[in-house]
Amino acid sequence: MEIWITAIIYGLATSGILFLVSLALSIGYGLMRVVNMEAMLYYSFGAYVTYTIISVTGSFILGALGGMVVGAGLGLIVETQLLRKIYDRPMMFTMVVTFGVFMIGIGIIQFVWGLEPKPVASPISAIVKIFGGVQIPAYRLLIIVVAIAAYILIQLMMNRTIIGKALRAGIDNRENVEGLGVNINKIFTITFIVASAFAGLGGALNAPLVMVGPYMGFDMLLFAFITVILGGLGSIKGTMVAALILGQVINVGGTLWAPLAFVGPFIVMFFTILIRPTGLFGKEI
Amino acid sequence: MSGVDMSQNALIEVDDLYVNYGKLAVLFDISLKINQSEVVFLVGRNGAGKTTLFRTIAGFLHPKEGEIKLKGESINGMGAYRIARKGVKYIHQDKQVFGDLSVKENLELSSYATGDYNWEPVFAMFPKLKILIDRKAGKLSGGEKQMLLMGMAIIGKPDLVMMDEPTEGLAPHVIQDLAVSFKEISKTTTLFIVEQNLPIIADIADRVYCMKEGKIIVEEGCREDIQNLCFEQYL
Amino acid sequence: MSTSLIETQGVSKIFGAFTAVDKVDFGIAENDAVGIIGPNGAGKTTFINILTGNLIPEEGKVLYRGEDITTIKIEKRIAMGILRTFQLVHIFDNITVYENLALSFYRKDENRTVPFNMYLVNFLKRKKIREKVEEALSVFELEKKKDDIVGNLSLGNQKMLEIAMAWIADPDILILDEPFAGISDHEIDDILIILKKLHHKKTIIIVEHKLSKLTELVDTLCVMHEGKVIASGPCEETLNDPEVRKSYWKIEE
Amino acid sequence: MNKRILSILGPVIIIVLMIIFRYIFPNKITFLTEVVIFSIYVMGNNVLMGYLGYTSFGQPFYLSTGAYSAAIYFAYFGGNIFMAMLVAVIVGFLLSLVLAPGLMRLKSSYFTLINAALCAIGVFVFERLLIDITNGNDGLWFRGNMTATPFLDVRYPKNFFFFVLLILLIALYLYQKMDKSALGISMKATKANPEKMTFIGYNVFLIRSIGYSISIMMSALAGALYAINFGFVNPSLGENTRAIEVLLATLIGGVGSVFGPFFGALGFLGMKDIVSSFMSRWEFVVGIITIVVLFKFNRGIWGLIQDGAGLLQSRKKREKTVKVEE
């Protein structure tokens with residue numbers, strides 16, 4: 001019994017990371033109809049910056065903040081300098097270009113931090129006992145809390161702020177929003193920055209759980225893809241639901257039969273796509 | 001066609017405009033002028049290029065040749081949102097409100113863009129909107145949507161409001177109400193309207209342009225002539 | 001209307017709460033030419049989509065040579081000889097004019113939906129195909145453009161090619177969706193001259209806005225408004241119909 | 001006329017060029033062999049990308065499927081090199097039969113992403129799931145099991161080079177036939193406008209499936225040749241990170257052309273050879289080349305060659321080819 005509760009809670013933590021890192025992919029598609037392969041750079045850079053700041057200052061909080069800032073900064077540069085200019089090009093073109101950007105980013109990481117994977121120590125080593133004796137590392141619970149906070153934050157942003165309203169209107173009909181006098185490009189940029197900051201945060205939070213290496217973005221890219229495909233490209237709610245499902249598939253499935261931790265998500269995605277070619281919450285492209 | 005005279009109070013001037021959709025040439029050699037506080041109508045059969053002309057003036061399409069001036073300043077190639085902020089509002093055909101947002105949120109968006117949060121003039125003109133304020137805009141009737149769109153357009157006191165077929169598909173009594181609103185708005189704002197409803201045109205038009213197959217074929221500026229003129233030959 | 005080549009009996013197509021085509025009865029005799037006019041949103045394109053099988057109507061029947069084809073798929077209807085062109089040109093802009101035509105003719109000639117048997121033979125040089133394509137090129141006056149990549153042609157030529165592609169497959173019914181949209185008067189006249197050559201040799205249905213040009217070509221007009229056919233008959237008569245004047249031109253009398 | 005001569009003599013010129021290279025740079029024979037094998041791989045990808053308009057981030061999966069099929073045959077069943085190639089192609093064909101019904105219905109973006117996922121699954125399968133058969137990360141070694149072939153013993157690198165050249169010649173010849181056949185033209189037409197294809201009465205799904213099948217079989221063949229060349233196979237052949245290589249080579253060569261893939265392979269591997277001589281990791285360079293090629297050089301090397309041929313002929317024709325680009 002305990003083993004299952006542990007798996008479920010670990011699954012929620014995985015979901016949290018998946019949700020944070022997939023947001024930039026999902027939003028990039030929802031706003032600009034661009035499958036932005038480079039989205040995982042914000043994640044990798046977030047993790048690396050966290051590693052560097054921790055090794056200099058020793059503070060994980062500073063590190064995570066730094067990861068967010070760097071993620072956001074990269075998002076700003078990529079969105080304004082690249083994505084905005086290519087969003088009306090064919091899908092193939094944008095995918096290969098953004099993949100090229102991703103490769104350049106990996107190259108930069110290799111120049112700056114080298115090829116060796118870097119370990120990051122967990123900032124909280126405490127173990128929390130819940131449900132009468134199930135031992136869960138407090139750090140996993142922290143990730144869950146942060147992810148929930150991020151989801152609430154982004155929902156508040158979408159529903160309560162004028163930017164979110166303009167954004168929802170803009171996804172609905174970009175031209176009419178512009179016609180009112182709203183600079184929709186600016187709104188999109190702000191949203192994209194928020195999403196890339198979350199990806200940076202995802203990298204920071206995941207750093208203590210995995211080795212920080214040049215190819216960590218690649219490994220995550222696949223899972224992020226599966227998350228957004230399963231949830232439906234462009235839907236925030238879908239991304240969240242898909243992250244929840246996949247977190248459980250990876251951890252509970254992995255407990256059942258170890259290879260499921262890796263293959264499970266793919267299987268779930270394939271069957272979903274066969275039944276609903278646009279994912280759970282996606283709209284027709 | 002008569003040339004465009006260069007009087008001082010021209011709000012919008014369009015000179016020798018050519019517009020293409022990709023390879024498709026849609027507008028040919030369009031010249032027109034709208035003066036301050038006029039009510040100008042644009043008529044023509046479907047596919048004549050009226051909507052394209054509107055979209056070009058509003059900045060959604062960029063001309064291949066020719067020039068558009070707003071108060072003497074060229075707005076060629078300017079982004080649509082900047083033109084809107086300069087005081088040119090464009091209400092699309094098909095009454096496209098943001099269906100996902102409430103009436104209030106729709107109005108907020110317009111206020112956000114213009115910085116004008118005074119909704120009193122809107123509610124004075126369309127009291128019904130005040131009642132419907134929390135309704136999702138997608139659930140409004142056609143007439144109510146048009147009211148909302150006009151309300152959103154007059155926030156920020158624009159110089160020019162362009163409306164594309166505002167009365168299309170509406171019941172006759174709703175059209176009558178809207179016609180009253182047109183007159184009301186025209187007291188403070190210049191109007192440029194695409195319309196197929198001839199009685200409304202006869203009632204309030206200062207000037208009428210007729211388009212056919214991408215060209216302006218007739219300009220009629222005399223009130224009496226407008227009332228008596230039978231436009232059917234151009235439709 | 002038993003002599004009709006294709007006819008519809010009370011077909012309706014409903015999109016959600018919107019009735020795009022409302023109980024339309026329509027018929028066209030063999031080798032006739034009919035023009036369908038009506039304002040935007042009148043349901044013209046939806047109606048021809050029902051004829052060609054893109055859409056299956058909610059009610060009513062489509063009869064072709066007296067046979068019910070209401071639910072028959074697009075591919076089968078093409079094999080039966082119902083071909084169409086599109087409002088926005090639908091051609092293959094990455095290959096040459098010759099290849100476009102050859103591809104269309106090959107389908108008709110071999111009656112195969114997958115051209116796999118020809119894998120290793122340069123089918124473009126086969127005598128039968130070459131002769132037929134040359135003929136089409138001369139009928140549609142595209143000889144000089146033969147080896148040009150289609151994407152580089154003018155829009156008028158592209159429209160011409162699209163009609164040629166339909167013609168070369170020798171259909172029994174040719175459905176043209178706004179063939180004159182977006183091209184110059186001069187190019188329209190060129191297309192008209194060619195279409196007139198086909199007059200009374202092919203059954204033609206044309207959807208068009210440009211009335212003045214249309215009346216030169218067709219004998220019968222059919223006016224649609226809000227999903228209904230409100231008038232049909234010889235051109236002059238139809239255009240002076242009070243109902244048409246009211247709803248198509250918004251003229252109250 | 002120039003174009004026509006080029007396309008008739010093309011395969012021959014390429015082969016002669018390669019043989020000349022082989023004697024000018026005798027110590028580069030491994031490199032030249034790799035160029036030839038990679039060309040076949042790129043040709044496979046070009047069918048997807050240039051003819052069908054699908055971008056796949058999963059080509060390494062098909063490559064490693066072919067390689068492992070050949071390797072498993074060598075390790076456990078027999079030593080005949082032709083048999084190994086045949087097995088790889090058949091496995092590729094069967095794989096395409098299984099996958100085509102699902103993949104060929106997808107929109108282009110989903111196709112790309114699902115292929116990337118397939119690629120990851122492939123690595124997992126070969127590295128962990130079949131570890132008892134494939135030896136996982138250690139790789140499967142089988143050089144000793146290969147038996148000699150008659151006439152030309154291809155177990156020796158210098159003979160193998162001529163052997164793969166022969167295969168490339170055949171492949172190029174068939175490829176060129178395909179390009180001008182009804183199938184090739186209908187694939188290009190499907191890329192341009194699938195809806196119209198339906199409306200002149202073709203079965204778009206089947207045309208796409210055939211193209212997909214050809215692509216996979218060519219990738220699998222290239223995989224088998226890699227396996228024979230190296231004498232062992234390991235999972236790194238199928239890694240996702242390498243998906244960009246084949247895409248980039250296709251782009252560099254010129255998408256959708258018959259001879260583009262060869263020049264793409266040559267250009268790409270040549271660049272890789274030069275760069276890696278002074279830089280151990282070269283993702284950065286690959287990324288920059290990708291972007292430069294896409295934005296500034298989108299007709300590829302073959303496009304340049306065509307322009308050059310056009311220049312010789314007349315100015316007018318050159319203007320035409322430039323126009324295509326727009």
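**Reading salt bridges, cores and chain contacts**

Colleague: Lys127(C) and Glu131(C) both sit in helix α4 (residues 127-139) of chain C, four residues apart, which is about one turn of the helix; helices here (H or I, at least four residues) and strands (E, at least two) are DSSP runs numbered from the N terminus. What does Lys127(C) form with Glu131(C)?

Modeller: Side chains of opposite charge can pair when their charged atoms come close. Lys127(C) forms a salt bridge with Glu131(C), with the closest N and O atoms 3.6 Å apart, the term meaning a side-chain nitrogen of Lys or Arg within 4 Å of a carboxyl oxygen of Asp or Glu. This is a predicted model, in which local features need pLDDT of at least 70 and side-chain atom pairs count only at pLDDT 80 or more, whereas totals for chains, interfaces and linings use all residues. Residues are numbered from 1 along each chain as its sequence is written, chains are lettered from A and ligands numbered from 1 in the order in which they are written, and side-chain values use heavy atoms, leaving out hydrogens and water.

Colleague: Are Lys127(C) and Glu131(C) exposed or partly exposed?

Modeller: Lys127(C) is exposed, with a relative accessible area of 57%, while Glu131(C) is partly exposed at 46%; buried means under 20% relative accessible area, exposed over 50% and partly exposed in between, with a 1.4 Å probe and protein chains only.

Colleague: Which parts of chain D does the salt bridge between Lys28(D) and Asp273(D) tie together?

Modeller: The closest N and O atoms of Lys28(D) and Asp273(D) are 2.6 Å apart. Lys28(D) lies in the loop between α1 (2-24) and α2 of chain D, and Asp273(D) in helix α12 (residues 260-276) of that chain, so the pair ties together parts that are 245 residues apart in sequence. Lys28(D) is partly exposed, at 34% relative accessible area, and Asp273(D) is partly exposed too, at 30%. In chain B, Lys71(B) forms a salt bridge with Asp159(B), at 2.8 Å between the closest N and O atoms; that pair links distant parts of the chain, 88 residues apart. How many salt bridges does the structure hold over all chains? The count is 27.

Colleague: Which residues touch the most other members of the largest nonpolar core?

Modeller: In soluble globular proteins, nonpolar side chains tend to be buried together. A nonpolar core is a set of buried Ala, Val, Leu, Ile, Met, Phe, Trp, Tyr and Cys residues joined through side-chain atoms within 4.5 Å. The largest one has 317 residues, and Met40(A), Leu107(B), Leu101(C), Leu103(D), Tyr212(D) and Leu225(D) touch the most other members. Helix α2 (residues 29-52) of chain D gives the most to this core, with 16 residues. Beyond its neighbours within four places in sequence, Tyr212(D) has contacts (heavy atoms within 4.5 Å) that include Leu48(D), Tyr62(D), Leu103(D) and Phe111(D).

Colleague: Where is Leu94(D) found?

Modeller: Leu94(D) is found in helix α4 (residues 81-103) of chain D and is partly exposed, with a relative accessible area of 47%. Together with residues including Met83(D), Ile90(D) and Phe93(D), Leu94(D) makes a nonpolar surface patch of about 640 Å².

Colleague: Which chains share the most contacts?

Modeller: Four pairs of chains are in contact, and of these chains A and D share the most contacts. No contact joins chain A and chain C, whose closest C-alpha atoms lie 15 Å apart, and none joins chain B and chain D, where the closest C-alpha atoms lie 12 Å apart.

Note on methods
Patches are made of residues with over 30% relative accessible area and no salt bridge: like charges are joined within 9 Å, nonpolar side chains (Val, Leu, Ile, Met, Phe, Trp, Tyr) within 5 Å. Accessible areas come from the Shrake-Rupley method with a 1.4 Å probe; for residues, only the protein chains shown count as cover.
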